[in-house]
Amino acid sequence: MTTYIVLLGPPGAGKGTQAEVISDRLKLAHISSGDIFRENLKNETDLGKLAQGYMNRGELVPDDVTIAMIRERLTRPDCAQGAVLDGFPRTPAQATALDGMLKELGGTVRCVPYINVPSEVLVSRLSGRWTCQQGHVYHVVFNPPQVAGKCDVDGLELYQREDDQPATVERRIRVYLEQTSPLIEYYRERGLLREVDGTQAIDQVTADLLAAIQKG
Ligand code: AMP
């Protein structure tokens, strides 16, 4: 049976960090829409060029483009057992499209852990965030790397994402509140939402997420 898990939460809630650990523990693919866009940007593909302006402004890439990208990703062999979706869906149209895509693949969303972090905490979290080219994420205060400026996993140089600049961070939080937060109700109504306190220590958030997923 395939297991599809949607990780929901505002930018800066720790979705990327948690999705990495959870997909590893559950032996599922990790699909991060943001990472796929960044990869395309780095490789200067047509998709990357299209996404760049939206990303730098902290806005969402249009639904049709994003949905087509995820549709293709979900059919790859590493998703045979299912996937942890991190950053997708982000709009009601994307959530409906996901339901349709999974139906075609013979699956459904199994549960939607929602990492809840109040807006005022998010700004400081995002502006202290550093990442490596492979997408491993650190924070100068809350989750520093062992060696300053270097990734613990692959030793790559850490850099600050362009969209983690303060003005863009505020825009991203606003976009989340306006366009993505309606998904909380969407999944609650379907009995799939599992709320987890994202202000706890990273390991505790992981433990709570795994417990929520195990309960189904
Ligand atoms: P993230 O790394 O998830 O914060 O994503 C970084 C940026 O990529 C976002 O601010 C958007 O511009 C774009 N992006 C990622 N996922 C989506 C999505 N599901 N829909 C639209 N745009 C997205």
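Predicted model: local features only at pLDDT ≥ 70, side-chain atom pairs only at ≥ 80, totals over all residues.
1. Helix 3, buried side. Helix 3 comprises residues 46-57, and its buried residues are Gly-48, Ala-51 and Met-55. They lie on the same side of helix 3 because they cover an arc of only 75° around the axis. An α-helix has 3.6 residues a turn, so residues three or four places apart point the same way. The cover over the buried residues of helix 3 includes helix 2 (33-42) and helix 7.

2. Just after helix 3, Gly-58 adopts a positive phi of about 80°.

3. Ser-23 in helix 1. Helix 1 spans residues 15-26 and contains Ser-23. Ser-23 counts as buried because its relative accessibility is 6%, and buried means under 20%. The side chain of Ser-23 reaches the backbone oxygen of Glu-20 at 3.1 Å. When residues up to four places away in sequence are not counted, Ser-23 touches Leu-28, Ala-29, His-30 and Val-84.

4. A nonpolar surface patch. Trp-130, Val-140, Val-141 and Phe-142 form a nonpolar patch on the surface, and together they have about 410 Å² of accessible area. Phe-142 is placed in the loop between strand 6 (137-139) and helix 7 (166-180). With a relative accessibility of 51%, Phe-142 counts as exposed, since the term applies over 50%.

Notes:
Residues numbered from 1 in each chain as written. Heavy atoms only, no water. Patch = residues over 30% accessible without salt bridge, like charges linked within 9 Å, V, L, I, M, F, W, Y side chains within 5 Å. Areas by Shrake-Rupley, 256 points an atom, 1.4 Å probe, with all protein chains shown as cover. Salt bridge = Lys/Arg side-chain N within 4 Å of Asp/Glu carboxyl O. Helix = DSSP H or I, 4+ residues; strand = E, 2+ residues; numbered from the N terminus. Buried < 20%, exposed > 50% of the residue type's maximum accessible area, 1.4 Å probe, protein only. Arc of directions from axis to C-beta. Contact = heavy atoms within 4.5 Å. Polar contact = N/O pair within 3.5 Å; in protein donor to acceptor, adjacent residues only side chain to side chain.
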